Amino acid sequence: MNNPKVHLKELYTTFFKIGSVSFGGGYAMLPMLEKELSEKRNWVSEEELLDYYAIGQSTPGIIAINTATFVGYKTAGIPGALAATMGMVTPSLIIIILIASFLDHFDEQPLVQKALKGVNIAVAVLLISSVWKFAKKTVKNIWGGLLCLAAFMAVGFTAVSPIPVVLTAALLGVLSFFVQGRHKS
């Protein structure tokens with residue numbers, strides 16, 4: 001589980017770097033996490049990262065922080081989980097404290113509003129990219145495609161909460177496991 005070559009300082013600085021340039025929440029940072037953690041540092045495989053993301057999404061808390069905690073724990077145990085989590089949280093904490101301390105009505109400034117509109121477009125592109133990559137890796141057959149489409153329709157075009165959609169998908173995944181197990185034996 002632990003990788004003795006990964007130092008806590010490296011975990012902290014890596015997640016600090018990711019946390020300081022991540023806008024748009026956990027979904028938007030998936031491409032950056034893949035690049036930094038899977039491709040550059042080889043701390044986790046892309047499949048492990050997607051698993052951590054899925055677990056982080058379905059557990060209480062912020063996806064990015066939950067994922068950082070999983071990756072930190074995998075690479076360096078509990079001290080690694082703490083270092084990665086602190087690295088992810090620190091930039092947001094600094095930025096929010098600065099904004100709260102120095103600028104009144106920060107979001108009402110015209111320049112800030114224009115900048116945020118630009119950031120929102122970039123975040124939308126990152127989200128589309130993440131969804132596309134995630135779907136390519138997780139939707140493996142026609143049933144997965146149908147489940148994906150049904151979940152998207154339910155969440156995107158109805159007032160259904162994502163919670164029953166995720167629970168229903170988990171139940172269907174378990175049922176699929178048993179049906180496929182019987183079919184193979």
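Predicted model: local features only at pLDDT ≥ 70, side-chain atom pairs only at ≥ 80, totals over all residues.
**View 1. Gln180 on helix α7.** With 40% relative accessibility, Gln180 counts as partly exposed, a label for anything between buried (under 20% relative accessible area) and exposed (over 50%), using a 1.4 Å probe and protein chains only. Gln180 sits in helix α7; helices here are DSSP runs of H or I with at least four residues, numbered from the N terminus. Residues are numbered from 1 along each chain as its sequence is written, and side-chain values use heavy atoms, leaving out hydrogens and water.

**View 2. Confidence along the chain.** The chain averages a pLDDT of 84, and 93% of its residues reach 70 or more; pLDDT is the predictor's per-residue confidence, from 0 to 100.

**View 3. Glu34 and its two lysines.** Glu34 is buried, at 3% relative accessibility, yet its side chain meets Lys133 in a salt bridge (3.6 Å, N to O). That pair ties helix α5 to helix α2 (residues 30-40), 99 residues apart. Glu34 also has a salt bridge with Lys137, at 3.3 Å, N to O, and here the partners are 103 residues apart. Lys133 is partly exposed at 30%, and so is Lys137 at 25%. To count, a Lys or Arg side-chain nitrogen must lie within 4 Å of an Asp or Glu carboxyl oxygen.

**View 4. Glu36 and Arg41.** The closest N and O atoms of this salt bridge are 2.4 Å apart. Glu36 is buried at 7% relative accessible area, whereas Arg41 is partly exposed at 25%. Shared partners join Glu10, Lys17, Glu36, Lys40 and Arg41 into one network.

**View 5. The largest pocket.** About 1900 Å³ of space lies in this pocket. Of its 40 lining residues, the closest to the centre are Phe134, Thr138, Cys148, Ala151 and Ala169. Helix α7 gives the most to the lining, 13 residues. A pocket is an open set of points on a 1 Å grid over the protein atoms alone, where a 1.4 Å probe fits, with protein on both sides within 12 Å along at least five of seven lines; lining residues have an atom within 4 Å of a point.

Methods
Points joined across faces, edges and corners; volume = space filled by probe spheres on them.
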